[in-house]
Amino acid sequence: MAQAKPGNMPETKRPPPGRYRAMLAWVLLALVIAFADQGTKFLIGALLAPGEVRPVTGFFNLALVFNRGAAFSLLADAAGWQRELFAGIAVAASALIVALLARHSADRLFCAGLALILGGALGNLWDRIALGHVVDFLDFHALGYNWPAFNLADSAITVGAAL
């Protein structure tokens with residue numbers, strides 16, 4: 001049986017230089033967002049009691065709310081299984097996002113959006129794992145209508161999706 005000669009072996013594709021450094025920069029941005037999210041939640045938890053609402057302007061309150069569901073409290077009243085489901089989705093999405101950051105690290109706008117989504121997902125994932133719920137505290141309202149309370153992580157996810 002003939003052996004392949006080194007000159008006949010197919011070349012393996014190597015990532016472009018700096019690709020992983022760029023990816024790590026995007027992951028670092030995501031971690032900064034996640035830590036900022038956790039910091040704001042800690043601060044609000046120190047200022048407000050659960051369920052407390054503190055008016056700030058005529059259209060905005062700070063309100064300490066615990067959300068066991070997804071966006072807009074979807075499935076918040078479920079029996080508890082949603083915690084593992086949403087945590088699993090966040091872990092899977094985070095892995096996919098890191099892979100996309102590695103593949104597209106030079107596409108700045110795309111990666112900025114992904115980093116924002118990743119940071120938000122990690123911030124809310126931490127809440128789900130550590131507390132069993134997500135801490136929301138930004139409460140906007142106008143003309144008798146209330147937008148569901150949200151947090152910095154949710155804002156980062158929304159802006160990231162828009163990018």
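Buried means under 20% relative accessible area, exposed over 50%, and partly exposed in between, with a 1.4 Å probe and protein chains only. In this predicted model, 34% of the 163 residues of the protein count as buried. Local features need pLDDT of at least 70 and side-chain atom pairs count only at pLDDT 80 or more, while totals for chains, interfaces and linings use all residues. Residues are numbered from 1 along each chain as its sequence is written, and side-chain values use heavy atoms, without hydrogens and water.

**View 1. The overall layout has 4 helices and 4 strands.** From the N terminus on, the order is α-β-β-α-α-β-β-α. Helices (H or I, at least four residues) and strands (E, at least two) are DSSP runs, numbered from the N terminus. Contact means heavy atoms within 4.5 Å. Of the contacts with a separation of 6 or more, 62% join residues 24 or more positions apart.

**View 2. Helix α1 (residues 19–47) packs with helix α2 (residues 82–103).** The angle is about 140 degrees, and the axes lie 8 Å apart. That makes α1 oblique to α2. Axes are lines fitted to C-alpha atoms, for helices over the stretch in contact; angles run from 0 to 180 degrees between N-to-C directions. Under 35 degrees counts as roughly parallel, over 145 as roughly antiparallel, 65 to 115 as roughly perpendicular, and the rest as oblique. From α1, Arg 19, Tyr 20, Met 23, Trp 26 and Val 27 take part. They meet Val 98, Leu 101, Ala 102 and Arg 103 of α2.

**View 3. The largest nonpolar core holds 12 residues.** Such a core is a set of buried Ala, Val, Leu, Ile, Met, Phe, Trp, Tyr and Cys residues joined through side-chain atoms within 4.5 Å. Among its members are Met 23, Trp 26, Ile 97, Leu 101, Cys 111 and Leu 118. α1, α2 and α3 (108–131) each supply at least two residues. α3 gives the most, with 5 residues. A second, separate core has 8 residues, including Phe 60, Leu 64, Val 135 and Leu 138.

**View 4. Leu 114 belongs to the largest nonpolar core.** Neighbours within four places in sequence aside, Leu 114 is in contact with Ile 97, Leu 100 and Leu 101.

**View 5. Ser 105 sits in the loop between α2 and α3.** Ser 105 counts as buried because its relative accessibility is 9%. Leaving aside neighbours within four places in sequence, Ser 105 is in contact with Arg 19, Ala 22, Met 23, Trp 26 and Cys 111.
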